[in-house]
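Please keep the viewer open as you read.

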Amino acid sequence: MSLSRTVLTVALLSASALAVPSSAQAAPLPPACQETLLETLDKFPVVDFTVPEKVQNTLLGEVLGLSNADQAVFTEEACASWNTWATKNGQAVATDLDTRYRNAAGPACNKFATSAMGTIKKYAPNVPAQTREMEKVAKKVWKNSMEKLAAQATNANCRTAYNGVKAGW
């Protein structure tokens, strides 16, 4: 499983998935956060939903640039809560993502942005309270990524799509 795919799925679904340590961080992630990083993609078995490569790269760059303070919110309790929630709700979230993706108008950037934001808004209120600090970090990563993608987009439809979801959920 690729790190960028895992990071993306997590960034789209919850802040807890953004538990990627920077190379400068000496302390290892708590065990539950390691599970989050390695297994989240499997907990959300999408079929049609696709994350464009430019989005993957931009999100990954933002995650790898997290400060130590941002990384500190990825605690054993928060990640364990996320893992339990993701196991229980993963199939429903994946089905929602796939349905929204199939029903969204092209191009792929718009299908991604529309489906991701719709699903995040639907499920974010139900994510455990213990993950709220991680969610704040995910929102920051999302906003920064969407702003960069909108600024770099050569396709007007993609610019509009990324600008339309940059405020987050």
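The link of Cys33 and Cys79 is right-handed, with 90° about the S-S bond. Its two ends come from distant parts of the chain: Cys33 sits in helix α2 (residues 31-43), Cys79 sits in helix α5 (residues 76-103), and the two are 46 residues apart. Before going further, please note that this is a predicted model, so the geometry here is computed from predicted coordinates.

How far apart are the sulfur atoms of Cys33 and Cys79? They are 2.0 Å apart, and the pair forms a disulfide. A disulfide requires the two sulfur atoms to lie within 2.5 Å, and by this rule the count comes to two disulfides. Cys33 counts as buried because its relative accessibility is 0%, under the 20% cut-off. Cys79 is buried too, because its relative accessibility is also 0%.

The other disulfide joins Cys109 to Cys158. Its link is left-handed, with -90° about the S-S bond. Cys109 lies in helix α6 (residues 108-123) and Cys158 in helix α8 (residues 156-165), so this pair ties together parts that are 49 residues apart in sequence. Cys109 and Cys158 are both buried. Here are the two links side by side.

| Disulfide | S to S distance | Angle about the S-S bond | Handedness |
|---|---|---|---|
| Cys33 and Cys79 | 2.0 Å | 90° | right-handed |
| Cys109 and Cys158 | 2.0 Å | -90° | left-handed |

With bonded cysteines counted along the chain, the disulfides follow the pattern 1-2, 3-4.

At what angle do α6 and α8 pack? The angle is about 15°, and the axes are 8 Å apart. Angles under 35 degrees count as roughly parallel, so α6 is roughly parallel to α8. The crossing of α6 and α8 is left-handed. On the α6 side, the contact is made by Cys109, Asn110, Phe112, Ala113 and Met117, while α8 brings Asn157, Cys158, Ala161, Tyr162 and Val165. The residues of this contact divide into eight nonpolar, two polar and no charged.

Read from the N terminus on, the elements run α-α-α-α-α-α-α-α. Buried residues make up 53% of the 169 residues. What share of the contacts between residues at least 6 apart in sequence join residues at least 24 apart? The share is 78%.

Two further residues are worth a look in the viewer. Lys148 is placed in helix α7 (residues 132-152). It counts as partly exposed because its relative accessibility is 41%, which falls between the 20% and 50% cut-offs. Leaving aside residues up to four places away in sequence, Lys148 touches Thr58 and Glu62.

Gly65, by contrast, is found in the loop between α3 (53-64) and α4 (68-71). Is Gly65 buried or exposed? Gly65 counts as exposed because its relative accessibility is 58%, over the 50% cut-off. Its C-alpha atom is separated by 9.5 Å from that of Val141, a residue 76 residues apart from Gly65 along the chain.

Conventions:
Residues numbered from 1 in each chain as written. Predicted model: local features only at pLDDT ≥ 70, side-chain atom pairs only at ≥ 80, totals over all residues. Heavy atoms only, no water. Helix = DSSP H or I, 4+ residues; strand = E, 2+ residues; numbered from the N terminus. Buried < 20%, exposed > 50% of the residue type's maximum accessible area, 1.4 Å probe, protein only. Axes fitted to C-alpha atoms, helices over the stretch in contact; angles between N-to-C directions. Parallel < 35°, antiparallel > 145°, perpendicular 65-115°, else oblique. Left-handed = near helix turned anticlockwise from the far one by under 90°. Contact = heavy atoms within 4.5 Å. Nonpolar A, V, L, I, M, F, W, Y, C, P; charged D, E, K, R; others polar.
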